[in-house]
Amino acid sequence: MKTAPHCPLSDHRHRVISYLRVSVTDRCNLRCRYCMTSHTRWLPKGHILTLEEIHRMVRIAVGLGITKVRLTGGEPLYRKGIVGLVQKLAAEPGIEDLSMTTNGTLLAEKASALKAAGLKRINISLDTTDPQGFAELTGRDLFSAVWQGIMTAREVGFTPIKINAVVLRGCNDDQIEALADLSRRYPFHVRFIEYMPIATDPHEAEHFFFPITEIAQRLEKMGRLLPVAHERLDGPAQRYRFADAPGEIGLIGSMSSHFCDTCNRMRLTADGHLRPCLLSDEEVNVIDALRQGAGDEEIAAIYARAVAMKKGHHRLSFTGDCSLRTKMASIGG
Ligand code: SAM
Ligand code: SF4
């Protein structure tokens, strides 16, 4: 079989796309209120990319200059065979950085195997330090499983461990200090992420919005925040550290401070679509081509087409008419 030629993916604004986020499943064992509802329905199994199709898509992307790959979902650890997929991707020579975003509930049992399979870094979502608040926010009483997962990930040597927290006004904003304090007690990077109105009415969602500027004001009352220099593989987080803290704080303002100008990402959705921008519903179908026997060069051309569609700036807002139809779990947050 012919392999795709190495030619970097870049868009009309000369942004080079080097980072692919892959949603390996739309399924999840939690029901975070900002992401899923009890009415959420899974995609039929046959509509989800197989692990072999995901591997092939990543291999072709690496041939096009992708060097950074993150596995996400849905809940990636809920997908059977995920450790085997990690092992195969870790063996791809062009991938400099292979990481995963997980809700942590299944991490205690899988962290060691993931590390051995070659996963480099892990982000764990945790929006509260309070077990009861966790159950209310996620619909499942699994706080201790997540905490155990975080501790096991640390024991097996994942470093740094990043904790992702989405802050919702009136829901978990009372947890900002307790979450930030984790960066003083452990070498964790605690990253606060602005809530985005995805698959919901943005006007109704607006009262949950808690901007990073307000989060920063709260954190400054806890102690002086020192800026941390940006590194090459860093994403859009503004990085800080409390004096003498082993860990860090990150602020990610997807809604209030666009980082579109420097965006180097694209996404492969669980149902086999390339999505050039998280916050726009424009996608290119690739699953049909994969299943109709397209060669690597044809798939590479579909990647290039998707990158060419990348928007200059996203238009998602709480006040405009723009919302997203697709739920986060199938896109891969
Ligand atoms: N299940 C895994 C997890 O929760 O980490 C991976 C998938 S989840 C969709 C990826 C990230 O998206 C999580 O950190 C989650 O908090 C974030 N997320 C989901 N819905 C969001 C929303 N509406 N606004 C901001 N972040 C969101
Ligand atoms: Fe599941 Fe992650 Fe969505 Fe929560 S944010 S419901 S853990 S996919």
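A nitrogen atom of ligand 1 lies 2.8 Å from a polar backbone atom of Met196, a polar contact in the sense used here (a pair of N or O atoms within 3.5 Å). The model is predicted, so local features need pLDDT of at least 70 and side-chain atom pairs count only at pLDDT 80 or more, while totals for chains, interfaces and linings use all residues. Residues are numbered from 1 along each chain as its sequence is written, chains are lettered from A and ligands numbered from 1 in the order in which they are written, and side-chain values use heavy atoms, with hydrogens and water left out.

An oxygen atom of ligand 1 is 2.5 Å from an N or O atom in the side chain of Ser125. An oxygen atom of this ligand is also found 3.2 Å from a polar backbone atom of Thr102. In total, 17 residues are around ligand 1, and those that come nearest are Tyr34, Gly74, Glu75, Ser125 and Met196; a residue is counted if one of its heavy atoms lies within 4 Å of the ligand.

Now to ligand 2. Around it stand Cys28, Leu30, Cys32, Tyr34, Cys35, Met36, Gly74 and Asn103. By class, this shell holds six nonpolar, two polar and no charged residues. Here Ala, Val, Leu, Ile, Met, Phe, Trp, Tyr, Cys and Pro count as nonpolar, Asp, Glu, Lys and Arg as charged, and the others, Gly among them, as polar.

Turning to the helices (DSSP runs of H or I with at least four residues, numbered from the N terminus), H3 (residues 107-117) and H5 (residues 143-155) pack at an angle of about 20 degrees, with their axes 8 Å apart. H3 is therefore roughly parallel to H5, a label for angles under 35 degrees. The axes are lines fitted to C-alpha atoms over the stretch in contact, and angles run from 0 to 180 degrees between N-to-C directions. Leu107, Ala108 and Ala111 of H3 meet Gln148, Gly149, Thr152 and Ala153 of H5, where contact means heavy atoms within 4.5 Å. This contact has four nonpolar, three polar and no charged residues.

A second pair, H6 (residues 176-185) and H8 (residues 212-220), packs at about 70 degrees, with axes 10 Å apart. H6 is therefore roughly perpendicular to H8, the term for angles of 65 to 115 degrees. Ile176, Glu177 and Ala180 of H6 make the contact with Ile215, Arg218 and Leu219 of H8. In this contact there are four nonpolar, no polar and two charged residues.

Definitions and conventions:
Helix = DSSP H or I, 4+ residues; strand = E, 2+ residues; numbered from the N terminus. Parallel < 35°, antiparallel > 145°, perpendicular 65-115°, else oblique. Polar contact = N/O pair within 3.5 Å; in protein donor to acceptor, adjacent residues only side chain to side chain.
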